[in-house]
Number of protein chains: 2
Amino acid sequence: MQHTFRFELEARAPDCAARAGRLFTPHGEVETPVFMPVGTQASVKALDQDDLKAIDARIILGNAYHLYLRPGVEVMKKAGGIHRFMQWNRPVLTDSGGFQVFSLDGLRKVTPDGVTFQSHLDGSRHHFTPEFATDVQIGIGADIMMCFDECTEYPVTRDKAAASMGMTLDWAARCKRRWEEREASGQALFGIVQGSVYEDLRVESARATVEMDFPGYAIGGVSVGESKAEMVSVVDWVTPLLPANKPRYLMGVGPPEDLLAAIERGVDMFDCVMPTRNARNGTLFTSRGKMNIKNARFVEDFGPLDPDCGCPVCARYSRAYLSHLWRAKEISALRLNTLHNLFFMLQLAALARGAIRDGVFRAFKRAFLDAYSGTGREGV
Amino acid sequence: MQHTFRFELEARAPDCAARAGRLFTPHGEVETPVFMPVGTQASVKALDQDDLKAIDARIILGNAYHLYLRPGVEVMKKAGGIHRFMQWNRPVLTDSGGFQVFSLDGLRKVTPDGVTFQSHLDGSRHHFTPEFATDVQIGIGADIMMCFDECTEYPVTRDKAAASMGMTLDWAARCKRRWEEREASGQALFGIVQGSVYEDLRVESARATVEMDFPGYAIGGVSVGESKAEMVSVVDWVTPLLPANKPRYLMGVGPPEDLLAAIERGVDMFDCVMPTRNARNGTLFTSRGKMNIKNARFVEDFGPLDPDCGCPVCARYSRAYLSHLWRAKEISALRLNTLHNLFFMLQLAALARGAIRDGVFRAFKRAFLDAYSGTGREGV
């Protein structure tokens, strides 16, 4: 690793908590706010790494649980780490796998020591502890690693949320200790704030996590079924308690409007499967709102998906052609839709960053949402 | 259309019938011998047109039957033709759809007038005549169109093959008449030689088709189940009867060894779904023979697919990563495999062309087959 992780704050909005910053990682810099495409299995679904470069993705996600099961940490190590394995020389953030383990059906036994679970691939049994999850991520070679946490379901009782949050704090301390023992400081480790939709729990979790002093902080346990208002409340409670000089990552968020709401409240980093999953379902983001390429009216619509979009797909192909590829069940429909949707999210974060630096974030947000909520106009 | 189709012969092998030439079409030139990727539905499966440019495909196929059913000729015309519809500014050859119509299960009634059939998409009834198939291809905007022919199954009795070949000749005359009436000479129309594996029928078909004077000639009715020896015999019977100054297209061929056998006998143009279909089944072509990426030994093999390959996939990704993408069922595995296999076939035709021009085709063919038949060596 070439240098230690750090974050620099570059600009703050004058009238809200929005901020622009820069992450420094062993694999280069990342301007924030940033949207991070999800590449669970060391691959952003339907794309290759040339595609990611073409839409200028700056950092992508991997998933420790999935990569531990397949191809396995030993293969990753033999390849020289995830960057060489997948030929991606920009930063990678790995989720610890906590979210995936707790989402598994079937056997899953949680003790204070860790979690025993069955692989979704072959039913084999595995045991993840905070220490092991940290080792896995170090072995994968992530630039940013996440503490192994318990992501509570929604809704959950206050008692259950409190107990889970307490365990996540214990686990965070153990992850940090292992990370320090391994002297892996070139790879940043982020703490995760839990506590469901209970303000006192979120406050307690945020304070205790910050007390442990991590290179960055995530807000977990959102995008699990709660309302948008509840999600925004969680961000409102937590972000003021996080140190200004550390990056903040809202896990699993989200739609464009949620991204902007969280940026306004001081969040720097986002990931979500929504743009890629929507793309594979035929739902496309445009500056005028969402459109469904399956709609019959696009069969003879020879304009671009989004006249305001600068992505490689809008530069080349018409709605009619993309509609045809969808109807013809061509694989390339999935890739082209994904390229467009990811570009849209990357661009949204980049435009927000520019607006913050120019001191006009709130005006930008209003203008974006005004156009975006105009679904149905101009045929989209 | 900018100029009329023509073909120029550039070089002949001193010791066999192999030739190098150049097609001139309204959408540019094509050096021969050439392998033409199959883009049945105005899309080469798993790729987009940027991908085709990246591997330098010079001409691709479309299929009149498929495009007539979806998106329909009217959509094609409104788009400004297939090149604008799919944003591909190099030549397109369309098959007439005869092969597809005759491959259909269910209702299919052949009369001297034409064929009534049911759509494979929705069961709707349609009627193709030679005139209509020509109109469809003119409407699609193909640079090279094929006569509507009957492709006989294999095996077939001599009587049935003779009757079918006779009907194909009648239909070729009707296609040519319609093409002349429509004054579509910018779009070339190729005649197709039929006659199954019967030498006298092939000779009769070739002589009568050449008598009609087409801009180019195809050998149809191969790659339908006959042996390699039978396929080569058909080429041996037909090519000496075709005029030297017109291009020759062997339809639906084929594996690398068949391509070289036909080039040696004076064929200029080839198409086959094999490289793209094999790619989607995990079978990859290399200079040392075929390899199956599903094989367990590739999980930890960090070398390129083919050390001798200059394709974008071999330049970037390892066998281990491609093996992982396959096992993880990632869509990108299908695309990357397709890019590699098509590059291999395009490159094979390009290398054959170079060898012909250098007067060393037979030595090239021997060296290629020697390495290629060494399957199992070097771990492939």
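The pLDDT is the predictor's confidence in each residue, on a scale from 0 to 100. This structure is a predicted model, and chain A averages a pLDDT of 95, with 97% of its residues scoring at least 70. For the model as a whole, the ipTM is 0.97 and the pTM is 0.97.

The arrangement of the two chains comes next. Chain B is superposed on chain A by a rotation of 180 degrees with 0.0 Å of shift along the axis, and the RMSD is 0.0 Å. The two copies are therefore related as by a two-fold rotation axis. Within chain B, the C-alpha nearest this axis belongs to Ile331(B), at 3.8 Å from it. Both copies use the same surface, since 100% of the contact residues of chain B recur in chain A.

That contact draws 32 residues from chain B and 32 residues from chain A. On the side of chain B that touches chain A, four helices each supply at least two residues: α3 (73-79), α4 (82-86), α13 (319-327) and α14 (331-357). By residue type, this side of chain B divides into 18 nonpolar, 5 polar and 9 charged residues.

Strand β1 (residues 6-12) of chain B runs antiparallel to β2(B), and 6 bridges join the two. Across this pairing, Glu8(B) stands opposite Arg22(B) in β2(B). The two strands form a hairpin, with 6 residues between β1(B) and β2(B). β2(B) is also joined, by 5 bridges, to strand β3 (residues 28-32) of chain B, again in the antiparallel sense. Here Thr25(B) stands opposite Gly28(B) in β3(B), and the hairpin formed by β2(B) and β3(B) has 2 residues between the strands.

How enclosed is strand β2 (residues 19-25) of chain B by the rest of the structure? A residue counts as buried if 20 or more other C-beta atoms lie within 10 Å of its own. In β2(B), 5 of the 7 residues are buried, so the strand is largely enclosed by the rest of the structure.

Strand β1 (residues 6-12) and strand β2 (residues 19-25) of chain A pair over 6 bridges in the antiparallel sense. One of the bridged pairs sets Ala11(A) against Ala20(A) in β2(A). A hairpin of 6 residues joins β1(A) to β2(A).

Chain B also contains an open sheet of 8 strands with parallel pairing, in the order β4-β14-β13-β12-β11-β10-β6-β5. β4 (34-36) and β5 (60-63) of chain B stand at the edges with a single partner strand each, so one side of each is left without a neighbour in the sheet. On average, neighbouring strands of this sheet are turned by 25 degrees against each other, direction ignored. Asn63(B) has Asp95(B) as its bridge partner in β6(B). Helix α8 (residues 199-211) of chain B lies across β11 (188-193) and β12 (216-219) of chain B, and runs at about 160 degrees to β11(B).

Another sheet can be traced in chain A. It is an open sheet of 3 strands with antiparallel pairing, in the order β7-β8-β9. Its edges are β7 (108-111) and β9 (125-128) of chain A; each has a single partner strand, so one side of each is left without a neighbour in the sheet. Neighbouring strands of this sheet are turned by 15 degrees against each other on average, direction ignored. Strand β8 (residues 114-118) of chain A pairs with β9(A) over 4 antiparallel bridges, and Thr116(A) has His127(A) as its bridge partner in β9(A).

Helix α6 (residues 130-140) of chain A has 8 of its 11 residues buried, so it is largely enclosed by the rest of the structure. The buried residues of α6(A) include Pro130(A), Ala133(A), Gln137(A) and Ile140(A). Just after α6(A), Gly141(A) takes a positive phi of about 95 degrees.

Definitions and conventions: Residues are numbered from 1 along each chain as its sequence is written. Chains are lettered from A and ligands numbered from 1 in the order in which they are written. This is a predicted model: local features need pLDDT of at least 70, side-chain atom pairs count only at pLDDT 80 or more; totals for chains, interfaces and linings use all residues. A residue is buried if 20 or more other C-beta atoms lie within 10 Å of its own, exposed if 12 or fewer, and partly exposed in between; C-beta atoms are placed from the backbone. Two strands pair if DSSP finds at least two bridges between them. Copies are superposed by least squares on the C-alpha atoms of residues with pLDDT of at least 70 in both. Two residues are in contact if their C-beta atoms, placed from the backbone, lie within 7 Å. Axes are lines fitted to C-alpha atoms, for helices over the stretch in contact, and angles run from 0 to 180 degrees between N-to-C directions. Ala, Val, Leu, Ile, Met, Phe, Trp, Tyr, Cys and Pro count as nonpolar, Asp, Glu, Lys and Arg as charged, and the others, Gly among them, as polar.
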